[in-house]
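Trainee: I have a chain to look over before the group meeting. Can we go through it together?

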Amino acid sequence: MDTKKSLMILLSNVFVLLLAATVVQSCLPSDRAALLEFRAKLNEPYIGVFNTWKGQDCCNGWYGVSCDPNTRRVAGITLRGESEEPIFQKAKRSGLMTGSISPSICKLTRLSGIIIADWKGISGGIPSCVENLPFLRHLDLVGNKISGVIPANIGKLLRLKVLNLADNHLYGVIPPSITRLVSLSHLDLRNNNIWGVIPRDIGRLKMVSRVLLSGNKISGQIPESLTRIYRLADLELSMNRITGPIPASFGKMSVLATLNLDGNLISGEIPGTLMASSISNLNLSGNLITGRIPNTFGPRSYFTVLDLANNRLQGPIPTSIAAASFIGHLDVSHNHLCGKIPTGSPFDHLDATSFAYNACLCGKPLGNCKK
């Protein structure tokens with residue numbers, strides 16, 4: 001009897017241990033419930049990304065869900081409507097998802113990443129409660145039909161590194177609190193309906209390398225504080241309603257490679273510092289810029305794109321441009337320039353459209369200059 005009793009106790013203990021191990025390895029029931037609430041607000045009929053959201057363990061085999069291996073709490077939701085993964089290859093198409101992002105996503109309090117991108121049909125607003133997810137590092141909702149405003153207190157997300165809300169229907173202003181995102185490295189709000197001004201103290205974002213705000217209705221002047229972000233490599237403010245001058249200190253930034261300011265109402269003259277800077281992609285077309293093209297080109301001048309078209313520039317094309325180490329694409333059309341087009345590089349590979357519609361430019365590739 002003692003042997004039998006001991007065996008029963010041993011088996012009982014093993015069962016308890018196995019049960020405990022199963023519980024530890026499963027996701028938190030409240031996390032699973034929150035995911036199912038989130039799922040209930042979305043409809044994805046073509047790819048079947050939610051077909052795997054079955055069973056008790058949302059950390060095991062649920063497509064797009066990742067968990068912390070120690071706590072078994074849901075740490076990431078990654079759902080992209082365009083992917084090379086087998087589920088998309090089998091469907092032979094990109095995804096289309098409708099519905100909205102449920103506030104139940106905020107019940108997943110250990111989330112570090114939310115990527116719900118390129119589904120084309122997701123609408124509704126960004127739940128304001130996302131500003132209360134203290135571990136969030138990555139928020140990417142690009143390529144949907146999300147409307148409403150950016151949560152006013154988004155600046156509470158002090159760990160946030162990536163904020164990508166591009167290609168949606170967002171409106172309202174850029175929240176002033178956004179300048180408190182001191183860990184942010186990537187800010188992309190392109191192609192929305194955002195209005196108002198760029199926060200004056202945006203220079204507080206010392207870690208940011210990309211600020212992409214093109215295709216909105218942003219007005220006011222370019223904040224000088226932007227030029228104090230020493231990591232800033234790409235600044236795109238195209239197709240807005242920005243006024244005022246170009247800060248000369250852009251030309252003194254050590255890593256700035258792309259400066260796209262085209263399609264605005266920018267006035268004043270081109271700072272001479274821009275032509276001998278580290279900028280390789282400079283687009284100032286479609287503005288109200290006056291004065292002359294600065295005669296400040298030199299060996300440091302390396303432009304893959306230099307677009308000054310559709311402005312009010314006067315005078316000649318500067319002779320120092322021949323000292324540039326490289327100019328790939330040059331466009332000075334639709335200005336009031338006059339004089340002979342310089343010869344040699346880069347002018348030997350440009351066609352007439354680069355110089356068309358000026359006051360009196362002449363020489364190759366346009367007509368001969370009158371004697």
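Predicted model: local features only at pLDDT ≥ 70, side-chain atom pairs only at ≥ 80, totals over all residues.

Trainee: How many helices and strands does the protein chain have?

Mentor: Both are DSSP runs, numbered from the N terminus: helices are H or I over at least four residues, strands are E over at least two. The protein chain comes to three helices and 24 strands.

Trainee: What is the radius of gyration of the protein chain?

Mentor: The radius is taken over C-alpha atoms, and the globule rule is 2.2 Å times the number of residues to the power 0.38. A compact globule of 371 residues would come near 21 Å. The C-alpha trace spans about 120 × 45 × 35 Å along its principal axes. The radius of gyration of the protein chain is 28 Å.

Trainee: What percentage of the residues is buried?

Mentor: Buried means under 20% relative accessible area, exposed over 50%, and partly exposed in between (1.4 Å probe, protein chains only). Of the 371 residues in the protein chain, the buried ones make up 48%.

Trainee: Which pattern do the disulfides of the protein chain follow?

Mentor: A disulfide here is a pair of cysteine sulfur atoms within 2.5 Å. The structure holds five. With bonded cysteines counted along the chain, the pattern is 1-2, 3-4, 5-6, 7-8, 9-10.

Trainee: Why does the pair of C27 and C58 tie together separate parts, and how many residues apart are they in sequence?

Mentor: A disulfide joins C27 to C58, S to S 2.2 Å. C27 lies in the loop between helix 1 (2-25) and helix 2 (29-40), and C58 in the loop between strand 1 (42-43) and strand 2 (65-67), so the tied parts are apart in sequence by 31 residues.

Trainee: Are C27 and C58 buried or exposed?

Mentor: C27 has a relative accessible area of 5%. C58 has 0%. C27 is buried, and C58 is buried.

Trainee: Is the link of C106 and C129 right-handed or left-handed?

Mentor: A disulfide joins C106 to C129, S to S 2.0 Å. C106 is buried, at 13% relative accessible area. With 75 degrees about the S-S bond, the link of C106 and C129 is right-handed.

Trainee: Where do C338 and C360 lie?

Mentor: C338 counts as partly exposed, at 31% relative accessibility. C360 also counts as partly exposed, at 36%. C338 lies in strand 23 (residues 336-340), and C360 in strand 24 (residues 360-362).

Trainee: Which residues is S214 in contact with, leaving aside its neighbours within four places in sequence?

Mentor: S214 lies in the loop between strand 13 (210-212) and strand 14 (217-220). S214 is buried, with a relative accessible area of 8%. Contact means heavy atoms within 4.5 Å. Leaving aside those neighbours, S214 is in contact with R190, N191, E236, L237, S238 and N240.

How values were computed:
Residues numbered from 1 in each chain as written. Heavy atoms only, no water.
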